[in-house]
Structures are given as structure tokens and as C-alpha cells.
Amino acid sequence: MATSAPTSRMKRKRDERKVVLLHSSYHTNLTYSTMKHIHKDRDILLSSLLHCCGFIRDTPSFFTVLAPKVATRRHLETFHAADFLDFLEYPKGPHTQQSVELGTHHGKDRSSDAAYINLLDAYGLTDDCAIPVDSSKRGQLWNYCKAVAGASLHAAHLIIEEKADIAINWSGGRHHAHAAEAGGFCYVNDAVLAIQKLIAAKKRVLYLDIDIHHADGVQGAFYDTDEVMTISIHRHAPGFFPSKAGSIMEKGKHKTKGVGYNLNLPMPRGCKDADFLEIVSLILAQVVPGFNPDVIVLCVGADGLKGDDLVKETNECWSLSPEGIAECVRRVSSFCGGMNYQTGKRCLNNVQTRKLIVLGGGGYNPPNTAKTLLLCTAASCEGSRPGMLWNLLPKDVPRHDHFEKYGPSFELTTITMKGPYYNPIPSQPNSDVKYLSTLQGARQAVNLSALFLSSQGNRAKKTCNSNDAMFGHEEEGILWNSSKSLGNQRKSKNTNAEKILRAHRK
């Protein structure tokens with residue numbers, strides 16, 4: 001990449017894995033214009049870095065850039081409730097532009113109607129996910145939802161059709177959206193839609209989320225099934241979003257096949273690269289082989305960076321570096337490519353390889369997020385060509401239209417590598433008892449999950465009751481309170497919302 005990267009599309013080597021980046025100017029402009037109120041110009045900055053570092057033009061032979069396809073409403077309805085989508089879609093039929101701007105339906109003014117406002121609130125379409133009142137912006141939001149979902153569905157299609165071994169959609173990772181509820185700046189859940197498509201193609205899927213916020217929408221979608229292993233590494237604290245989910249005790253919905261196939265790993269405040277990488281490596285070494293997925297879907301948030309503009313307001317920040325997050329992606333990609341992440345060399349011929357879908361996530365400091373996702377793009381290629389991340393990128397940000405945003409250092413990476421991979425030296429023993437306790441809890445949860453998966457692999461038949469017993473079944477304890485809320489939350493909200501909606505349609 002950049003000046004030192006291969007610039008000609010030479011014939012791809014037989015053992016090089018195909019990497020596809022879903023990207024286009026139209027897609028970037030749409031995501032930027034729709035989400036600039038929270039993401040600011042991070043999409044534009046990332047696109048510019050991808051261009052000037054050689055990921056868009058004159059790319060290596062194994063790397064392809066494709067314009068992402070756009071989803072239809074039918075695609076969205078495979079997960080999302082129809083009535084919920086009605087409030088996202090540009091008004092049609094009896095709705096008029098004036099009715100939208102005034103908050104009216106069927107000619108009736110609902111702008112001050114408490115029941116109508118409650119309905120919007122039930123669907124999560126207020127506060128951080130408020131829908132625009134301006135008709136053109138509302139239409140833009142609908143197009144954005146279809147574009148983001150379409151890109152992740154496109155990634156899944158490429159994996160299924162063997163047209164890609166690794167597919168990247170940085171606009172994706174909208175992991176907070178539920179079937180009938182938006183939240184956390186997420187309107188539709190592209191990750192769930194992509195996973196559903198993979199499952200329909202008989203693929204076994206492991207979802208790994210390294211965003212600082214818990215993947216509550218993805219967890220809720222697959223909480224009662226063993227078809228998907230859902231793992232979320234996140235910060236969990238009172239009042240920290242999403243406050244209703246993310247406990248380490250949430251293992252799967254009680255008395256379903258999902259028990260044991262949900263793994264929450266809360267990490268301590270101020271979590272550093274070394275500790276974070278340790279947990280990711282434990283997952284790759286112990287949990288992934290036990291579940292044995294065909295595809296790993298990796299959600300990469302950059303809001304775990306030290307001093308993230310949004311998270312720092314909560315005083316619950318991690319202290320990760322762009323290099324630390326990129327190294328997580330590199331290890332996952334190398335693992336999926338059947339390589340030893342330390343040596344970068346391919347393992348024995350009979351080692352299983354896996355497909356990989358890489359999605360975006362949070363990240364609210366635009367220059368830092370753009371740098372991180374650029375590094376992660378190179379890291380995603382490690383399963384195809386070792387050395388892409390640490391050897392083929394420039395150390396400094398190349399001069400381009402947005403060069404001044406990266407001052408005063410203008411460095412792309414700030415760590416001097418002393419080996420083939422980033423292996424941060426563990427900090428001095430932390431005297432913070434709570435930090436150590438939280439970290440040890442994550443280690444133990446990984447070990448317990450690996451033990452459970454191993455036991456399931458040795459059984460001819462699996463039963464829900466045996467899954468419950470493995471995790472210490474508590475009928476009314478905290479272990480199952482969360483599963484009940486997650487499992488019934490969507491149902492109860494849908495029921496209440498449908499009652500209100502039916503009343504307004506009379």
C-alpha cells in the first residue's frame with residue numbers, strides 16, 4: 001500500500017484469500033450526509049485515507065473494491081417489524097409531505113398527540129434516533145437504512161457465493177437496532193440481516209463484537225438459538241449504554257437451545273491494549289474452535305480508543321490505541337486464514353480456514369476513527385498477505401485534502417514495531433482491585449464457555465435442560481432476569497405499539 005505497496009494487479013497467488021471492500025462515492029456521501037450530526041466527517045476522512053493509501057485504486061491482486069448493493073424493504077422485513085419500518089420509510093399512500101412535516105397521519109395532526117409520541121418512543125425513534133420532520137431528510141434516512149443493510153447483505157452474498165473470503169463494510173455494524181426498536185444511532189441492524197442470510201445458506205456463524213458498547217440488538221436476535229455464537233467484549237457499568245443488557249451472566253434464553261451460545265465479556269474502565277488483546281486471543285484459541293464456525297462476523301468499533309469524544313463524557317473510557325484495535329482485527333484475519341498470528345506463517349495444510357465479514361461500529365473522534373479503520377482495512381488483509389498492516393503502510397499520513405485534520409503529529413501509527421506483530425508489554429501489576437476483578441471475570445467466562453462448547457461437541461444430542469445446568473440455572477435469579485427482559489422486551493413493545501397504531505388507524 002501507499003508507496004511501498006504493490007501497485008499492479010498481478011495474477012493472484014493460488015493461496016491468497018480474496019478480500020472485497022464494499023465502497024463507493026455515493027455510499028460514502030449518503031452515510032456522511034445522514035449521520036454527520038453524530039459521526040461528523042469520519043466517513044469522508046476514511047474514504048480519503050483509503051484513496052491516498054492505495055486501497056481504492058491500483059490495489060493488490062487479491063483486493064477488490066465493489067460498489068455496495070442497496071437492500072429493499074423486503075430484505076429489511078426478514079428481521080424488522082413492518083410497522084416499525086413504516087415509520088422509517090418515506091410516507092406513501094394516504095400520507096402526504098405536509099402530514100410528515102406536521103407529524104400527521106391520514107390527515108390528522110399528531111404532532112402533539114401523546115399516544116402518537118408514545119408510539120414513536122416505543123419504536124425508539126426519539127432522542128438519539130429521532131426521525132427527521134423534514135420530508136427530504138426523512139427520505140434520505142430511509143435510503144441510508146437500505147444502503148447500510150444492503151452493503152452487509154452484499155458482503156454475506158459474496159461469502160456465500162465464494163466470491164470473497166473476507167468482505168468489509170465500514171458503514172455497517174449497527175448493532176443496537178432491534179426488530180421493532182431503534183437505539184444508539186442504529187435504525188436497522190445490518191449485522192443481524194447478514195447473519196440471517198448466512199444461516200439461510202447453512203453457514204455456522206460466530207459474531208464477535210469489540211465495540212465498547214454492548215451488542216444488545218444482535219444478542220437479542222439470536223438469544224434463543226444455537227445457530228449463532230454471539231460474543232461481545234464491551235464496557236458494562238450502571239448508566240452506561242445500553243444499560244439493560246451486557247451482563248456477564250447473560251448466557252442465552254432460559255429453556256432454549258440458546259443457553260451457552262451467548263458470551264458477554266465486560267472489560268474494566270481504562271482497559272489497555274495488552275489486556276484486550278489477551279481476551280481476543282483467548283477467544284480465538286478456546287471458543288472459536290469449540291463452536292467451529294464457517295464464518296466469523298467481526299464488528300469493529302473505534303469508540304474504545306482512549307479519549308473518544310462521546311464516551312469520555314461518561315467517564316467510562318477504555319485506553320485502547322488504533323494499533324491495538326487493528327491488531328485485534330489482524331489476529332482474527334490471520335486465524336481465519338489458517339495462520340499463526342505470531343509468525344504470520346500458514347499452519348499445517350489440514351488447518352481449517354474460515355470466512356470473515358468485517359463491519360464498522362462506533363467511533364466519535366473522526367480523525368482517530370478514520371486512522372483506526374484504515375489500519376483495520378490493512379489488518380483484514382493479513383489472512384491473505386501477512387505484513388500488510390505493519391510493513392506496507394506508511395508511518396505518516398500521506399498528504400491529501402484532509403491532511404491538516406491529523407495534526408500536530410500527522411502520524412498514521414505511533415508505535416515502533418519490534419517484531420512481526422504488535423505485542424504490547426503488559427503494564428505493571430494494576431493495584432486497582434476492581435480492574436483486576438473485572439479482567440479475571442472475563443478470563444473465567446471465556447474458559448467456562450470453552451468448557452461448555454467442548455462438552456456439547458462430545459454429546460450426540462443436546463438438551464436445553466443440560467445447557468441450563470452447565471451454567472448454574474437460577475429460575476428467578478439475575479442469570480435469567482436479563483434473558484427474560486431481552487426475550488420479552490420486543491414482544492411487549494410490539495404489542496403495545498400495535499395497539500396504539502390500530503387505534504390511530506380507525
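Mentor: Buried means under 20% relative accessible area, exposed over 50%, and partly exposed in between, using a 1.4 Å probe and protein chains only. This is a predicted model, in which local features need pLDDT of at least 70, side-chain atom pairs count only at pLDDT 80 or more, and totals for chains, interfaces and linings use all residues. Residues are numbered from 1 along each chain as its sequence is written, and side-chain values use heavy atoms, leaving out hydrogens and water.

Trainee: Is C271 buried or exposed?

Mentor: The relative accessibility of C271 is 0%. That value places C271 in the class called buried.

Trainee: How many disulfides does a search of the whole structure find?

Mentor: A disulfide is a pair of cysteine sulfur atoms within 2.5 Å. Over the whole structure, the number found is zero.

Trainee: Which cysteine has the sulfur nearest to that of C186?

Mentor: C186 is in no disulfide, and it is buried at a relative accessible area of 2%. At 6.5 Å from C186, the nearest cysteine sulfur is that of C129.

Trainee: Which residue of strand 10 is the bridge partner of N169?

Mentor: Strand 5 (166–169) and strand 10 (355–359) pair in the parallel sense over four bridges. In strand 10, N169 has as its bridge partner L359.

Conventions:
Two strands pair if DSSP finds at least two bridges between them. Helices (H or I, at least four residues) and strands (E, at least two) are DSSP runs, numbered from the N terminus.
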